[in-house]
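Student: I've got a structure open and I'd like to learn how to read its packing. Can you walk me through it?

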Amino acid sequence: MVRGGPRLDEERRRDMARAYLSGAGRYDRVRPGYPAQVGDWIVPKGARRAADIGAGTGLFTGLLVERGLEVTAVDPSEDMLAVLSTRLPEIPVVQGTAEHSHLPDGSMDLLTLAQAWHWCDHASTVREAARVLAPGGRIALVWNQLDVSLPWVHRLSRIMHAGDVFSPAYRPDFGPDFGPPEDVLVHWTQELRVPDVVDLARSRSYYQRASPALQQRVESNLRWYLTDYLAFDPEALLRIPYYTHAWRASLLHG
């Protein structure tokens with residue numbers, strides 16, 4: 001058993017993941033991007049073709065494009081892909097999943113999953129990656145997490161129910177087809193105004209799958225915490241601490 005990750009049974013995982021089939025506009029506006037150095041670290045030397053799986057609105061896809069790769073974006077949500085196509089109109093999109101990408105065999109040098117490993121079946125995803133990657137190709141996982149080592153951020157994450165996270169000690173299992181995984185951890189901050197922090201909570205799967213009464217309680221608790229308890233001005237610009245954890249592993253054969 002791999003420890004340090006979200007504890008969701010299969011039915012719950014699928015239900016929570018369905019929250020991201022809509023709401024792309026808000027997601028794109030308030031969700032954090034990714035540090036450029038993570039993109040530099042992930043892309044293999046000489047790579048030409050990449051697939052961003054679970055690409056969403058393209059928050060990570062853009063980093064791959066900036067590094068000169070021919071990128072295909074894959075996501076199950078038409079809503080998310082529509083926003084991505086507005087941001088990156090030159091990028092081909094495929095409606096698919098990590099387990100069933102609909103990409104040709106051996107067609108990619110790099111396959112990335114940014115903020116998507118939580119929501120897929122890991123064994124099936126790794127098998128799909130081994131099929132899609134060319135010999136020597138690389139799989140890479142990336143996720144952003146609130147830096148809960150700071151007490152005020154830890155309480156913020158609890159109010160937002162930001163619990164679908166991996167601990168820094170988590171180590172993904174890529175199976176026998178891939179070499180030993182390597183990782184990097186990058187600390188950084190996102191700037192959001194107080195109303196946008198509330199929207200950040202609204203963009204999370206927990207909120208979207210909750211009852212209206214529970215949604216109202218989350219919003220009320222969050223506003224109280226930020227503006228009453230922490231005494232931020234209602235329009236204050238906050239610096240939200242994050243870290244980005246990235247993993248990479250190379251296909252041993254193809």
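Student: Let's start with contacts along the chain. What share of contacts between residues at least 6 apart in sequence join residues at least 24 apart?

Tutor: In this predicted model, 78% of those contacts in the protein chain join residues at least 24 apart. The secondary structure behind that count comes to 10 helices and seven strands.

Student: And how much of the protein chain is buried?

Tutor: Buried residues are 52% of the 254 in the chain.

Student: Which residues touch the most other members in the largest nonpolar core?

Tutor: That core has 26 residues, and the ones to click on are L113, W117, I139 and F178. Strands 1, 4, 5 and 7 plus helix 6 each put in at least two residues. Take F178: leaving out residues up to four places away in sequence, its partners include V126, A129, L133, I139 and L251. There's also a second, separate core of 24 residues, with W41, V43, A50 and V71 among them.

Student: Now helix pairs. How are two packed helices described?

Tutor: You give the angle between their axes and the distance between the axes. Here, helix 8 (residues 194-202) and helix 10 (residues 212-229) pack at about 145°, axes 10 Å apart, and their crossing is right-handed.

Student: Which residues make the contact?

Tutor: Helix 8 brings V194, V197, V198, A201 and R202, while helix 10 brings V218, E219, L222, R223, L226 and T227. By type, that's seven nonpolar, one polar and three charged.

Terms used
Residues are numbered from 1 along each chain as its sequence is written. This is a predicted model: local features need pLDDT of at least 70, side-chain atom pairs count only at pLDDT 80 or more; totals for chains, interfaces and linings use all residues. Side-chain values use heavy atoms; hydrogens and water are left out. A nonpolar core is a set of buried Ala, Val, Leu, Ile, Met, Phe, Trp, Tyr and Cys residues joined through side-chain atoms within 4.5 Å. Buried means under 20% relative accessible area, exposed over 50%, partly exposed in between (1.4 Å probe, protein chains only). Helices (H or I, at least four residues) and strands (E, at least two) are DSSP runs, numbered from the N terminus. Contact means heavy atoms within 4.5 Å. Axes are lines fitted to C-alpha atoms, for helices over the stretch in contact, and angles run from 0 to 180 degrees between N-to-C directions. A crossing is left-handed if the near helix is turned anticlockwise from the far one by less than a right angle, and right-handed if clockwise. Ala, Val, Leu, Ile, Met, Phe, Trp, Tyr, Cys and Pro count as nonpolar, Asp, Glu, Lys and Arg as charged, and the others, Gly among them, as polar.
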